[in-house]
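Colleague: Could you take me through the side chains of this protein, one question at a time, and show how each answer is reached?

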Amino acid sequence: MFPNTEFRGQHLVDSANARLDDDGYEQTDHGGRSIIPMTRAKLSRAAIFPLLCLAPLLGEAAGADLDLPTPPAHYASFDADLAGIRLLNTLLPEMDVESQRMVQQFLSPRPAGTMPALPRSDALTLLRSLNLEPFRSEVLELLIHHSSVLDVVPDGASDWIPVVHDSLLFFLDGLGEERLFERILNLTYMPAGTGRGDRLLKFTDRTASLQKIGQILARNPNLSPDLRLSLQTLENGIATSDADEITEFIKEDIGQEALDTFQVRFAEGILAEASVGAVMRATLVQTAEDGEEDIVFKVVKPYVLESLPRELEILDQLSLFFEENSGAYGLGDIPLSDTFRDVKTALSSEIRIVDEQRNLVLAETYYADDDTIRVPHLYSLSTPNVTAMEFVVGDKITDAHLGQPAARQKMAERLSDVLTIDVIFSPAEEAIFHGDPHAGNVFHVSEDASDPYQIALLDWGLYGSFPRAQREQLVQLVLGVHLGNTKRIENNVGALIEEWPPASAAEYDTIREIVGEVVRQKSTIFPTLQNLIVRLATAGFQTRFNIALFIKSQITIAGMLLELDPEFDQDDYMLDRATGLVWKEFPRHLLNVVWFPAWNSHNYRSMLSNEDIRDMWTRQVGRFFKRVGGGLARVVTAPF
């Protein structure tokens, strides 16, 4: 691939002023040839990126050498292939002969499906030996572009590319050099011709923060199908840990005496692995009568315990960065900093093992009388570092009843009932809900033939409680969005805000303005409420964590519902279920029509008063007559 001459002493060029001659060499304006005997088409990302991996990225301080925000012109003019050629021509003359030989091995032609001839250990040694700190930002830029990570921005959302781009630059710049070397080599040592989905996964490898964001995006219907499929492996299909290491960690933490007492036997291999935790299957014997029981041990992966604190620090720094620079990204009042805080909250909850165990017990008790829901039982063998719990036989909710549209439709209805309807309209004074309901945490239970739609709720690190008073106001907010009634929303927006009522008339005016703007956008119910929360937070109001978490979880659930049933309408189903409750309550509603002082009572399971029902009915009748009137108009005016 290189000319059969020594690297040393050959003429290197500034690729910005270079062109290709007929033989495929770069031709300079002063007649020299580059050492790169390849057309630019051939020396594309797949070939040149391995060489660029030889650039060490030294330094620990986030943002030390980056010029952020990135100028807008970058997105129109940056050419990753050309930038790689330029950097290559700059780097080679600084290397000794042995290093140049290793570079040649990197760039040796290789068939599709194969990896570089140079051993990975040699490449890592070379990375550690060179000092190319002046090129840090260039290499970070190339790393992002060659990973395909920017492809996660859906078509039609290009305004978000600068946010994603600069967030990743900032994040990568804050990682230690060894973690960056690992990421670069991961991409380098992928087989030639590897697709963008696999490159994206390698980019997120062993980085809990990026993997958590990937889990959030995995069911977004706006994402390209190939990227969605790849990101869905992050839900519980990661493979970065060693089974022997995890098993040894569990044994040491629990102790051999306890393991012997319960006759614990470990299965081979890791059962499942997500961004933070790994799960090992095992059996135990509690009593001779019960016999052997299937269980799982869940632990925080050792490398996550070591690496996650630094990632959380970077997320904090990113939050501050976007607070100071949000206006530069042209996204209006969207509080970008809150996004990184939310990711940090989700990750922090997953490493608080004792809290998750407590939540698991509370959830099991809460759902004890509900046969449609399974919460794994917590075993006494658990420790502050290891969770021992019941093994549930099942699969991801989105894989339930594949190839059976009617059954998948029923599965979608059950999912909406469990995670939305039964929470909002719970008869309990304080309802609870799962705070992180991605498909890796919500399983279809396949072992119960009596109920083919039973759902298991796993991983209770993020848990929310929902008092009836707040749920009553949420119902009014839902109804307000449905009816486009700004006054109803204004009267109940206090459910979203920690300090209520506002301290001044000016704050009231701000809230009214925000509500009006949000309603005018005419979106579906939960995205509208999510937008309302975002706008209130941007205006300086402190929003309630539990209700914000519930509404955000509904956005995630919406993606799973559409995967199960592409025709599923989350809004219509919720309103239909509320109407069904009203019909069951009809005698009491009728009594309160007669007894007029109770006309506005919300003391029902549906939490809808007679006035609410009248407003809903008026809206539905109005829509009906509008459709009928339109039909009559078409008949009358039709030509004969």
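Colleague: Which helix gives the most to the nonpolar patch?

Modeller: In this predicted model, Trp 583, Phe 586, Leu 590 and Val 593 form a nonpolar patch on the surface, and together they have about 430 Å² of accessible area. A helix that spans residues 586–594 gives the most to this patch, with 3 residues, and that is helix H24.

Colleague: Is Leu 590 buried, partly exposed or exposed?

Modeller: Leu 590 has its place in helix H24. Buried would require under 20% relative accessible area and exposed would require over 50%. Because the relative accessibility of Leu 590 is 45%, this residue counts as partly exposed.

Colleague: What kind of aromatic pair do Tyr 366 and Tyr 367 form?

Modeller: A pair of aromatic rings is described by the distance of the centres and the angle of the planes. For Tyr 366 and Tyr 367 the distance is 5.0 Å centre to centre, with 90° between the planes. Planes over 60 degrees apart count as edge-to-face, so the pair of Tyr 366 and Tyr 367 is edge-to-face.

Colleague: Over the face of which residue does Arg 206 lie?

Modeller: Arg 183 lies over the face of Phe 203, at 5.6 Å from the ring centre. For Arg 206 the distance from the ring centre is 3.8 Å, and the ring belongs to Tyr 303.

Technical notes
Residues are numbered from 1 along each chain as its sequence is written. This is a predicted model: local features need pLDDT of at least 70, side-chain atom pairs count only at pLDDT 80 or more; totals for chains, interfaces and linings use all residues. Side-chain values use heavy atoms; hydrogens and water are left out. Rings of Phe, Tyr and Trp (its six-membered ring) pair if their centres lie within 6.5 Å; planes under 30 degrees apart count as stacked, over 60 as edge-to-face and the rest as tilted. A charge sits over a ring if NZ of Lys or CZ of Arg is within 6 Å of the ring centre and within 35 degrees of the ring normal. Patches are made of residues with over 30% relative accessible area and no salt bridge: like charges are joined within 9 Å, nonpolar side chains (Val, Leu, Ile, Met, Phe, Trp, Tyr) within 5 Å. Accessible areas come from the Shrake-Rupley method with a 1.4 Å probe; for residues, only the protein chains shown count as cover. A salt bridge is a side-chain nitrogen of Lys or Arg within 4 Å of a carboxyl oxygen of Asp or Glu. Helices (H or I, at least four residues) and strands (E, at least two) are DSSP runs, numbered from the N terminus. Buried means under 20% relative accessible area, exposed over 50%, partly exposed in between (1.4 Å probe, protein chains only).
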